[in-house]
Amino acid sequence: MTATTENLTTDHSRAVADGAHSHGRGGTPEASRADRKSSFALADFVVPTGREEDWRFSPVDRLQRLFAGDLSGAGPVVTAEKDDAVTLERVGRDDPRLGVTGAPGDRVAAAAWESFGEATVVTVPRGYTGGRHTYLAVNGDSADPAAEHLLVVAEELSESLVVLDHAGTAELAQTVEVDVRDGAHLTLVSIQDWAEGAVHLAAHRIRMGRDAHLRHIIVTLGGDVVRVTTDAAFTAPGADVELLGLYFTDAGQHQEHRLFVDHAVPSCKSRATYKGALQGDAAHSVWVGDVLIRKEAEGTDTYELNRNLVLTEGARADSVPNLEIETGEIEGAGHASATGRFDDEQLFYLRSRGIPEADARRLVVRGFFAELINQIGVPLVQERLMEAIEAELDKTMEAAAR
């Protein structure tokens, strides 16, 4: 088990006034996170060896077919439930709306860009405030390497909820573009509940307009290898991004979540909160949170938090927060990270009150996740999460009984 605990709080009186400041363990080799390569061309990225900063935690031996770039397999089938006002289109790769959120940042993301033939575009119209959510079921039925491209556009002054629900079998390189335009409020939920054996590498690229608000929720439960990279960029003042994540990592699973929040304009806010539980031999979770506050981004307010609960021996959690500040004129900036084992004192306390051990363990894990689940604010997702957590705890109880 790897544990990393870092904390930094910065305000006007304590900020770095001149030059860039980088804080956090396991930092990047570049002089700045802004120097990380991005390109639409696969040839601009070498095949990773596992020594690169972007891939040093990843099981690169299990990703070789995606690195090769031949993603000609049949992609998942997407079916939708939505209001009539929300449009769903299949468009060619020459559609001018595609690619506006930025270029891929790694080899698999570039391979996904070069390989997809058609994209699915969801558009929430200007001023839409309908109460029904848009639900996209992404169902895989092939183990051949494939690419998929999704674009979600929340037009000006709209309010909407979009859910992406992944299931089935796949070896998938996926791009999810999120374009949140001026004054729009969007909640986007991506659930990774793949079958055993699935490999899913997703790149979420987000563009925020003026006074836009995004609640971006990642839930990772199934699959053998799941890696989600989320890049959020502010293009105008007044925007607010909330990044929430929950994961439950079982024996042999690798679940990796990497965030990059690029504060490039003044007066924007970001919050990131990710929590995960791990159980079983060779269960491995990775969380890397990069926040860059550029020189022009005066008035920035940002904070990121990662917590991991290790339930059994043989599990490992890597947690790396990074904060880079190029201006002292900010509202606040900080991060925190912690990884710990199951609290035997809490268990003893509950058992001393007459609560059976199995029930006591459930209460401790429920309490660990409760605050984050309540923040999600989407009943559909909250119920699904509680059911999934109960199912995972059943596995723990069964293993303990043997």
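User: Which residues line the largest cavity of this predicted model?
Analyst: In this predicted model, the lining of the largest cavity draws on residues from separate stretches of the sequence, and helix H2 (107-115), strand S9 (199-208) and strand S11 (225-234) each give two or more residues to it. The complete lining consists of Trp55, Asp106, Val108, Ala109, Gln174, Leu201, Ala202, Ala203, Arg227 and Thr229.

User: Which element gives the most to the lining of the largest cavity?
Analyst: The elements with two or more lining residues are helix H2, strand S9 and strand S11. With three residues, the leading contributor is S9.

User: How many nonpolar, polar and charged residues does the lining of the largest cavity have?
Analyst: Among the lining residues are Trp55, Gln174 and Arg227. Sorted by class, the lining has six nonpolar, two polar and two charged residues.

User: How much space lies in the largest cavity?
Analyst: The structure holds three cavities of 30 Å³ or more. For the largest cavity, the space comes to about 70 Å³.

User: How many residues apart in sequence are the parts that arginine 384 and aspartate 165 tie together?
Analyst: The side chains of arginine 384 and aspartate 165 meet in a salt bridge, with an N to O distance of 2.9 Å. Arginine 384 belongs to helix H5 (residues 379-401) and aspartate 165 to strand S7 (residues 159-180), so the pair ties together parts whose separation in sequence is 219 residues.

User: Is aspartate 165 buried or exposed?
Analyst: The cut-off for a buried residue is under 20% relative accessible area. Arginine 384, at 24%, is partly exposed. Aspartate 165 has a relative accessibility of 7%, and therefore counts as buried.

User: Which strands are linked by the pair of arginine 207 and aspartate 179?
Analyst: Arginine 207 forms a salt bridge with aspartate 179, and their closest N and O atoms are 3.1 Å apart. The two residues are 28 apart in the chain, arginine 207 being in strand S9 and aspartate 179 in strand S7, and the pair thus links S9 and S7.

User: Which residues are joined with Glu256 and Arg258 into one network of salt bridges?
Analyst: Arginine 258 forms a salt bridge with glutamate 256, the closest N and O atoms lying 2.8 Å apart. Both of these residues are buried. Through salt bridges that share partners, the network also takes in Asp106 and Arg227.

How values were computed. Residues are numbered from 1 along each chain as its sequence is written. This is a predicted model: local features need pLDDT of at least 70, side-chain atom pairs count only at pLDDT 80 or more; totals for chains, interfaces and linings use all residues. Side-chain values use heavy atoms; hydrogens and water are left out. On a 1 Å grid over the protein atoms alone, a cavity is a set of points where a 1.4 Å probe fits but cannot get out, and a pocket is an open set with protein on both sides within 12 Å along at least five of seven lines; lining residues have an atom within 4 Å of a point. Grid points are joined across faces, edges and corners, and a volume is the space filled by probe spheres set on the points. Helices (H or I, at least four residues) and strands (E, at least two) are DSSP runs, numbered from the N terminus. Ala, Val, Leu, Ile, Met, Phe, Trp, Tyr, Cys and Pro count as nonpolar, Asp, Glu, Lys and Arg as charged, and the others, Gly among them, as polar. A salt bridge is a side-chain nitrogen of Lys or Arg within 4 Å of a carboxyl oxygen of Asp or Glu. Buried means under 20% relative accessible area, exposed over 50%, partly exposed in between (1.4 Å probe, protein chains only).
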